[in-house]
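Colleague: I would like to learn how to read a few features of a structure. Please take them one at a time.

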Amino acid sequence: MKWFDNTALTLVIIGAVNWLLVGIFKFDLVAFLFGNLSWVSRIIYTIIGLCGLYLISLFGRISNISE
């Protein structure tokens with residue numbers, strides 16, 4: 001399961017960098033690479049969003065490890 005955590009974290013970091021680019025430069029890297037709201041970009045946005053929701057569980061696991 002650790003590989004899934006690492007993969008999800010990597011995708012969420014990529015999503016965060018994309019939002020940084022949107023916020024600072026108004027440049028959407030995903031839309032640039034795959035088209036503005038094409039089916040591929042929508043799948044990428046969905047996967048990154050689902051990974052973000054999954055990583056909410058990381059908070060509970062971190063507190064269990066530290067105890």
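This is a predicted model: local features need pLDDT of at least 70, side-chain atom pairs count only at pLDDT 80 or more; totals for chains, interfaces and linings use all residues.

Colleague: How many nonpolar, polar and charged residues does the lining of the largest pocket have?

Modeller: The lining has 10 nonpolar residues and one polar residue, with no charged ones.

Colleague: Now the rings. How many aromatic pairs are there?

Modeller: A pair of aromatic rings is described by the distance of the centres and the angle of the planes. In this model the count is three aromatic pairs. One of them joins Trp3 and Phe4: the ring centres are 5.7 Å apart and the planes stand at 85°, so this pair is edge-to-face. The cut-off for that label is an angle over 60 degrees.

Colleague: What about the rings of Phe4 and Tyr54?

Modeller: Their centres are 4.9 Å apart with the planes at 75°, so that pair is edge-to-face too. Phe4 belongs to helix 1 and Tyr54 to helix 3, so the pair ties together parts that are 50 residues apart in sequence. Trp3, Phe4 and Tyr54 form one aromatic cluster.

Colleague: Which of these residues are exposed, and which partly exposed?

Modeller: Trp3 counts as exposed because its relative accessibility is 61%, and the cut-off for exposed is over 50%. Phe4, at 33%, counts as partly exposed. Tyr54 is also partly exposed, at 21% relative accessibility.

Colleague: Last, the backbone. What is the phi of Lys26?

Modeller: Most residues other than glycine have a negative phi. Lys26 is not a glycine, yet it has a positive phi of about 55°. Lys26 sits in the loop between helix 1 and helix 2 and is exposed, with a relative accessible area of 77%.

Colleague: Where is Leu37 placed, and what is its phi?

Modeller: Leu37 is in the loop between helix 2 and helix 3. Its phi is near 55°, again a positive value in a residue other than glycine. Leu37 is exposed, with a relative accessible area of 58%.

Terms used
Residues are numbered from 1 along each chain as its sequence is written. Side-chain values use heavy atoms; hydrogens and water are left out. Ala, Val, Leu, Ile, Met, Phe, Trp, Tyr, Cys and Pro count as nonpolar, Asp, Glu, Lys and Arg as charged, and the others, Gly among them, as polar. Rings of Phe, Tyr and Trp (its six-membered ring) pair if their centres lie within 6.5 Å; planes under 30 degrees apart count as stacked, over 60 as edge-to-face and the rest as tilted. Buried means under 20% relative accessible area, exposed over 50%, partly exposed in between (1.4 Å probe, protein chains only). Helices (H or I, at least four residues) and strands (E, at least two) are DSSP runs, numbered from the N terminus.
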